[in-house]
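Hi everyone, thanks for making time. I'd like to walk you through a structure that may be new to you, so let's bring it up on the screen.

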Amino acid sequence: MKKTFIFSLLSFLTIPVWAQSSTNSLSDSMNSLFKPLLAFMDRILFWDPFQAMGFEFGTKVPFIIVWLIFGAVFFTIYFRFINLRGLKHAVQLVFGVFDKDGHEGEISHFQAISTACASTVGLGNIAGVAIAISIGGPGATFWMIVAGLLGMSTKFTECTLGVKYRKINPDGTVSGGPMYYLRDGFAKKGWKRTGKTLAVLFAVLASFGAMGIGNMFQSNQVVAQTVATFPTLVNYQFLIGIIIAVLVGIVIIGGIKGIARVNDKLFPLMAIFYILSCLVVIGIHYNRIGEAFSLTINGSFSADAAKGGFVGVMIMGFRRAAFSNEAGIGSAAIAHSTVKTQHPVTEGYVSLLEPFIDTVVICTMTALVLIFTGFYTNPDNLAGTQLTSAAFATISPWFPYLLLPTIFLFAYTTIISWSYYGVKSFDFLVGDFCERHFGNRIYATRLYQILFIIITALGSVLSLSAVVDFSDMLVLAMAVPNIIGLLVLAPEVLEELKEYNASIKIQIKSMKLAKKNL
């Protein structure tokens, strides 16, 4: 089966050669096709409920952002600020303090958090933050941090449920995520039809949404930044796309174990390298620390009308955080469900670190680079990645060259992680059909992987803004069925939390006693 997959992959990767020669016409045709769908999704997700009720804040307050904020605040209060109380224990779990052999699952806690972080820490942390700060001003940074802290509670809820309702397959592999806790969790309450409908809706949205935010956009931006850094490569864009696609294919054929093995090495490396690079820029401009602090705090509460006032800046910060850490979207629960653990809550604790690393640390670093260098004003009207690159160039003209490998790694790890989310969602939809009619559900996996890799290559040479925007809408829409499920099943998570905390206290006492007896 793997040989067939590789042969099909090599055959299909000739498509970008054709795409390169007819880029403009194909891009225009596909954008025209998706524009009506994009407008339809925009009316649903970005309508302003406050405006509909007669309230006017001077800026649009999208329904989907309100929905995500509501969920984050609710879970933070419901679980008594687990986002702050649970951080120490989360770190202990990641470093294996309470690990035991023989637990069901495929990957370790560290591999799970690396894979989930790799899917969220992508070009949005560089390009997206730059756009948010240039539009919303430095004040958006503060609200981005607040949103990241609140989103930790949502992640805790969805990842606990992901493990609780996961399915251990006969071959030892794991299937889990919102589609399973929506279907099976609602069925336990006697709402089988509702649960199945929400589960199928989530799986459809995730299957198609993964093609854009976690694939096409990433490969396109890598190529764009490569060409911007090395203009002589402008005629080799499709070749760069093929190289990215082949590198993706080599990893994703190994499933979650192969993806996790790559991510647990690449993610820490790229995150540390990027943070250190940002700290160098901030350190060089240390004399602006007072000004940067003042701009951030004053801008967060007293923004001018041009930025939509206080509410406008707050929404911009929350919106960027929602796009970045995906708390409430449900995607991370798919990866976390594969972890080796006996207690679902352990992975809930571990997942607390994901929005913290993604938004509170890495997104904030990008924002501070722009604020300290003064590029938050975007004087040259640059695009997202180019704006961040220009800020890095204030250190030295060659400094943006160091940013390029980081951009590649951010994009690459995002692509391979989202491929798994798409595969498991597609398998949920058609895996049983393939097993009944073809004897093996692996056909669903391979079909999706081939399509995913083709789109990786195509995305690098096509300018499909409407298609990518539409897929972003699909990913945001995943939050609707997911948060409905989280709200309904939250009491189960609370019960799991109480049981686990009681057992871990006994375990800690035993460990302390054992140390005394040594």
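This is a predicted model: local features need pLDDT of at least 70, side-chain atom pairs count only at pLDDT 80 or more; totals for chains, interfaces and linings use all residues.

The chain has 518 residues, and 57% of them count as buried. Its secondary structure comprises 25 helices and 2 strands. If we take the contacts with a separation of 6 or more, 84% come from residues 24 or more positions apart.

Now, let's pick out helix H16, residues 289–301. How far apart should the ends of its 13 residues be? At 1.5 Å a residue, H16 should span 18 Å, and its end C-alpha atoms are 19 Å apart, so the two values agree. Within H16, the residues Ala 292, Thr 296, Gly 299 and Ser 300 are buried. These four cover an arc of only 100° around the axis, which means they sit on the same side of H16. Here is the background: an α-helix has 3.6 residues a turn, so residues three or four places apart point the same way.

Finally, the surface. Which residues make the nonpolar patch of about 470 Å²? They are Phe 230, Phe 273, Trp 398, Tyr 401 and Leu 402. Look at Phe 230, which lies in the loop between helix H13 (212–229) and helix H14 (237–252). Is Phe 230 buried or partly exposed? It counts as partly exposed, because its relative accessibility is 35%.

Key:
Residues are numbered from 1 along each chain as its sequence is written. Side-chain values use heavy atoms; hydrogens and water are left out. Patches are made of residues with over 30% relative accessible area and no salt bridge: like charges are joined within 9 Å, nonpolar side chains (Val, Leu, Ile, Met, Phe, Trp, Tyr) within 5 Å. Accessible areas come from the Shrake-Rupley method with a 1.4 Å probe; for residues, only the protein chains shown count as cover. A salt bridge is a side-chain nitrogen of Lys or Arg within 4 Å of a carboxyl oxygen of Asp or Glu. Buried means under 20% relative accessible area, exposed over 50%, partly exposed in between (1.4 Å probe, protein chains only). Contact means heavy atoms within 4.5 Å. The expected span of a helix is 1.5 Å times one less than its number of residues. The arc is that of the directions from the helix axis to the C-beta atoms.
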